[in-house]
Amino acid sequence: QQSMPNFMLELAKQQNVTLGDDIVQNAVYSFIGVQGRYLKKDVVTGRFKLDATYAKQLTVNQSSQLLRLAELGYYHDQVSKFSNMSTGYNAMGCMGHAFMSKLKQELNDFRGQVAQLQDMVKQHRIDQLADYSDSDLNWLHQQRQHGRLTLIKLLTWYARPLQRMQWLTKISNACQWRKGGELASIIYGFLNNGNPIVDQLAHDLLSACCVPLVHMISKWMLEGGIEDNNGEFFVESLTEVGADRLWHDKFRLRYTMIPKFISLELADKILKTGKSINFLREICKIDEAVKGRKELKHIINNHVSHIFAFVPDTSWHAAIETCYAQTSKHVLDIMVGPHKLLVHLQAMRRYLLLGQGDFVTIFIENIKDELVKLGTDIYSHELSAMLDAALRGTNAQYDDPEIINHLDVVVKTPYPGDCGWDVISLQYTVRGPLATMLEPAMPTYKTLFKPLWRMKHMEFVLSTKIWKEQMGNAKALHALRKEIGVATYRLNLFTSEIMHFVHQMQYYVHFEVIECNWVELQKRMQEATALDDILDAHSQFLHAISIGCFVKESTNKENHLEVVYDTIISLVNIQSQFYEACFAELNARKAYSKTILDSERSGRFGVTTVQKMERDQELKIFEQKIVTFCRALEDTSTTYGKAVGGFLLALNSSTDPNLQLFGIRLDFNEYYKKRDINLSKPLTFEHMRMSSV
C-alpha cells in the first residue's frame, strides 16, 4: 500500500518556486526598461519603484535587491532616449548621428546579454516542468536548483553593465544638442580619467563620432570641397564673398567647432590646404590633384583614432602635413614664378612708397604746373602722358614692361579748396590671381602714399619756393639790406630749422623705416615655404611702415606733424607777401631816383615837396609791413615750435627705442629742450621713457 501524495504541499512548493522565478523575471525585464508585476516606472523621474499591490509578497531583501537591479533599467532608458532622434535630447549633425549610431550599437550589445539571461530563466522553467512531471528525477532537480538564476547572481552580473550604462548616460547627457567639433571635444574630455573601462568606452565613442569629421577633412584637403549641411565642420565657406576675396575672406575657421584635440596650428594648415586647392582651381584655372592622393586619402580615412592621439606623430598627422606641404609649395611656385609676386611687391615699394628717387623727382618736376592748380582743373589723361615721360626718362625704363603697365596716376574727387597735391596720387593696379592676393593690402598702400607724398610736397615747397626764392632775392634786394636785414636773417634761420626737420623726417621714414623693414621682408620671403608666409611678412612690413609713418596711431604725433606742414604752407604765403612788399619798395626807390635824375637833366634839380612827402609816406608804410612780417613770422615760429615740441615729447614718451633715437636726432643740440619746459623737466610716470637704450 502506498500513502496518498500530499498535493497541497507539492502545490505550495511549486508556488514558492514560481514566485522566485517571477521575481527574477521581473528583474531581467527591468534591465531593458520593461515593467513587470513587481516593478513599475515612476511617471516623473522614470526610475523603477515597487508596485504597492504585489510588494507585500516580497521580503525586505528581495525588495531592496529588485530596486538595486532596476537602476540598470533606468540608465538603459536614458541611453535609449539619447539615441532616439524623436526625443529631441540627442546630438545633432552627421557626427551626432554617428554618436547615436554607436549608442544604439552599445544598447544592442547590452540587450544581447540580457537576452542570454532571459534564455537562462526560460530554460530553467522548462527544466522545472520536466522535473515535476517525473518524480524519479528528484536528484536531477536538486542539482539544477544550484544552477538557477537568482537575484544574488544578477547583482553579481549587473555591476559591469551598470557602470557602462552610467557612463554612457553621463556622456550622452553632456552631448545634448551638441554638434561637430564641440561634440567631439566633450567626448574627448572623458578620455584618460583613470578607469581603463571608461577610457576604452570614450575611445570607442570618439572614434565613431570622428568618422564624419575625418571624411570632411579628407574631402576638403584633397578636393577643396565642403560637405557640411549641418554647420559642424570647423572650416566654413562664405557664399556672399566673391572670388576676388577668395584667399582672404572666402573661407575661415569656426573656432567653436574646432575639437580640443586639433590645435589651432593644425586647423590653420587644414584651412590653407583646401583654400589653396580652391584658389588654384577657381582663380588660376589649374585643376591638378595632389600627388599621391589615393594613398593620402586611404591613410586619412582609415586611421580615424589617430586624429585624437595625444602626440601628433601618427601616420594621420604625417599625411596632413604632407598634403599641406605639397599644396602650399605648388601655390607658392605658381605665384612667385609665372605671376611674379615678388617682383610686383618690389615695384609697389619703389613707386607707391616713393622708393625710386629719380622717378619721383622727375615726375614731380613734370607735373609741377598741375600741382598748383585747383583740383577741379586737373585731368588724369594729361597726367598719364607726364607719367610716361617720367618713366622713360629715368631708370624705371629698364623695368619689366609688364610691371610698368600696372602703374598709373589717378585724380581723386576734389574737395573745395583742394589743389593738385591733394588730389593727385599714384596707383598700382593688380589683376587676376595677384588681385586676389594683394587686393586687401592696396588700401594700406594708398594710406601710406598720403604721408609720403605729403613729405615730398613739403620738400618741394622748401626747395623750389622758399629756399630758392630766398637765395634768388638775396642779391636783388641787397639795396634794402639795412631795412630788411633782421627780417631776412630770422626768415633764413626759421627756414633752416624747418628744412632740418623735414630732411630728418624723410631720412627716418625712407631709410630707417621702409628700407630696413624691406630688407627684413626680403629675408623672410627667401625663407618662405608657403604663400601665406610671404603674405604675413608683407602684412607685418606694411604694419611696421604704418607705425613709422605715424599713420592711424592713437597718439597725437600725426596731428603735430600736420601742424608743422601747415606752418610750412603758411610760411610760403608770408614770404611771398614779404618779398612782394620788398620789391615794391625797391621799385619805388628806383622810380624816385630816376625822377631825381630826370629833373636834373631838365634843369629843375630835385623833386617837389609833394613827391618827397609821398615817398616818406611809402617808406613808413614799408617799415610797418616789415614789422608786421616779423610779427607774423614770430607767430608762425611759435606755432611751429609748439608742434615740434609736442611731437618730440610724444617720441620721447614712446616705448619704441627707434622713435626715441629719432627724437634725439631731431633735437641733437637740445634747441627745443631749452625752449620747451615739458622737454626739460624730469620724466615722470606721465612721460616716462620706457626704453632699453
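Are Phe494 and Tyr640 buried or exposed? In this predicted model, Phe494 is buried, and Tyr640 is buried as well. The two residues also form an aromatic pair, with 5.4 Å from centre to centre and 80° between the planes, an arrangement that is edge-to-face. Phe494 belongs to helix α21 (residues 481-527) and Tyr640 to helix α24 (residues 609-652), so their pairing ties together parts that are 146 residues apart in sequence.

This is one of 25 aromatic pairs in the structure. Another joins Trp167 and Phe190, which are also edge-to-face, with 6.3 Å between centres and planes at 85°. Trp167 sits in helix α6 (residues 159-174), while Phe190 is found in the loop between α7 (180-188) and α8 (196-223), so this pair ties together parts that are 23 residues apart in sequence. Phe190 has a relative accessible area of 14% and counts as buried, because the cut-off for buried is under 20%. Elsewhere, ring pairs join several residues into a cluster, whose members are Tyr351, Phe359, Phe363, Trp421, Phe449, Trp453 and Phe460.

The next topic is how helices pack. Two packed helices are described by the angle between their axes and by the distance between those axes.

Helix α21, which holds Phe494, packs with helix α13 (residues 341-351) at an angle of about 175°, and the axes are 12 Å apart. Angles over 145 degrees count as roughly antiparallel, and α13 and α21 are therefore roughly antiparallel to each other. On the α13 side, the contact is made by Leu342, Leu345, Gln346 and Arg349; on the α21 side, by Ile514, Glu515, Trp518 and Met525. Sorted by type, the residues of this contact between α13 and α21 are five nonpolar, one polar and two charged.

What is the angle at which the axes of α20 and α22 cross? Helix α20 (residues 442-476) and helix α22 (residues 531-548) have axes that cross at roughly 25° and come within 11 Å. That makes α20 roughly parallel to α22, because angles under 35 degrees count as roughly parallel. The crossing of these two helices, α20 and α22, is left-handed. Thr444, Tyr445 and Leu448 are the α20 residues in the contact, and they meet His538, Phe541, Leu542, Ile545 and Ser546 of α22. Here the contact of α20 with α22 has five nonpolar residues, three polar ones and no charged ones.

How values were computed. Residues numbered from 1 in each chain as written. Predicted model: local features only at pLDDT ≥ 70, side-chain atom pairs only at ≥ 80, totals over all residues. Heavy atoms only, no water. Axes fitted to C-alpha atoms, helices over the stretch in contact; angles between N-to-C directions. Helix = DSSP H or I, 4+ residues; strand = E, 2+ residues; numbered from the N terminus. Parallel < 35°, antiparallel > 145°, perpendicular 65-115°, else oblique. Left-handed = near helix turned anticlockwise from the far one by under 90°. Contact = heavy atoms within 4.5 Å. Nonpolar A, V, L, I, M, F, W, Y, C, P; charged D, E, K, R; others polar. Phe/Tyr/Trp six-rings, centres within 6.5 Å; stacked < 30°, edge-to-face > 60°. Buried < 20%, exposed > 50% of the residue type's maximum accessible area, 1.4 Å probe, protein only.
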